[in-house]
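Hi there,

Here is the structure I promised to pass on. My notes follow below it.

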Amino acid sequence: MVKEKELQQKQPMPPMGAWLPAVALGWLIPGGGHFLLKRNGRGALLLASVTGMFLCGLMMQGAMFQPQSGDLLTTLINTGGFIGDVCSGILYLLSVCFGYNQVDIAGHVHDYGTKFLVTAGLLNILAMVDAYEIAAGRKE
Amino acid sequence: MPKMNLSHFEAAFLFSLFASVVMGVVTKRTDRDRLHYGVYTFGCFLLALFGLGWLMYFGHG
């Protein structure tokens, strides 16, 4: 078990050309990396889940984070939230292009919406990591 | 953009559903294991949802 873990850790980094297109497409279009690697079923599930979560966040009028400096907690929350939002790829880009600019207002629905928007991006990061592992040959 | 006005339970249920699907898809190596893990994760989300809900109910007195 320990040796197996050590072997896995010592695996060399696969060439960038093998995984970069899948990861980049996976960022731009949720599940896109899986579609590129011919994992259509899994790609469709990821696309539906991440897009569904993002759209629910928009319909709940969640706020998008902007990086802000200040005390450590403010910086951490806003920068982390911004990264989460951006990781939704084209969903984030389109919503910004079409002028979505919801200010942060009180209320549990808006609060859930903000969390939905960030979590959609975080789930897309998981999908990108999975696409990387498939492209690198570490997973079926 | 149409607006959604959900209760705490509905929002948390939707959140659990989407998150469980993604976690099931990316975590395991066979389709059977993925399905099992997705259902397990969804069950854990719901358990936490009801557990914390009751905890807050009793906590408020």
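**The nonpolar core**

In the largest nonpolar core, which has 39 residues, those touching the most other members are Val50(A), Met53(A), Ala120(A), Ala127(A) and Val22(B). A nonpolar core here is a set of buried Ala, Val, Leu, Ile, Met, Phe, Trp, Tyr and Cys residues joined through C-beta atoms within 7 Å; buried means that 20 or more other C-beta atoms lie within 10 Å of a residue's own, with C-beta atoms placed from the backbone. Two or more residues each come from helix 2 (16–28), helix 4 (40–59), helix 6 (90–97) and helix 7 (108–135) of chain A, and from helix 1 (8–27) of chain B. Helices are DSSP runs (H or I, at least four residues), numbered from the N terminus. Helix 7 of chain A gives the most to this core, 11 residues.

This is a predicted model: local features need pLDDT of at least 70 and side-chain atom pairs count only at pLDDT 80 or more, while totals for chains, interfaces and linings use all residues. Residues are numbered from 1 along each chain as its sequence is written, and chains are lettered from A and ligands numbered from 1 in the order in which they are written.

**Around Met53(A)**

Beyond its neighbours within four places in sequence, Met53(A) is in contact (C-beta atoms, placed from the backbone, within 7 Å) with Phe116(A), Thr119(A), Ala120(A), Leu123(A) and Phe18(B).

**Helix 7 of chain A**

This helix has 28 residues and reaches 40 Å from its first C-alpha to its last. After helix 7 of chain A comes Gly137(A), with a positive phi near 80°.

Best wishes

Notes: A residue is buried if 20 or more other C-beta atoms lie within 10 Å of its own, exposed if 12 or fewer, and partly exposed in between; C-beta atoms are placed from the backbone. Two residues are in contact if their C-beta atoms, placed from the backbone, lie within 7 Å. The expected span of a helix is 1.5 Å times one less than its number of residues.
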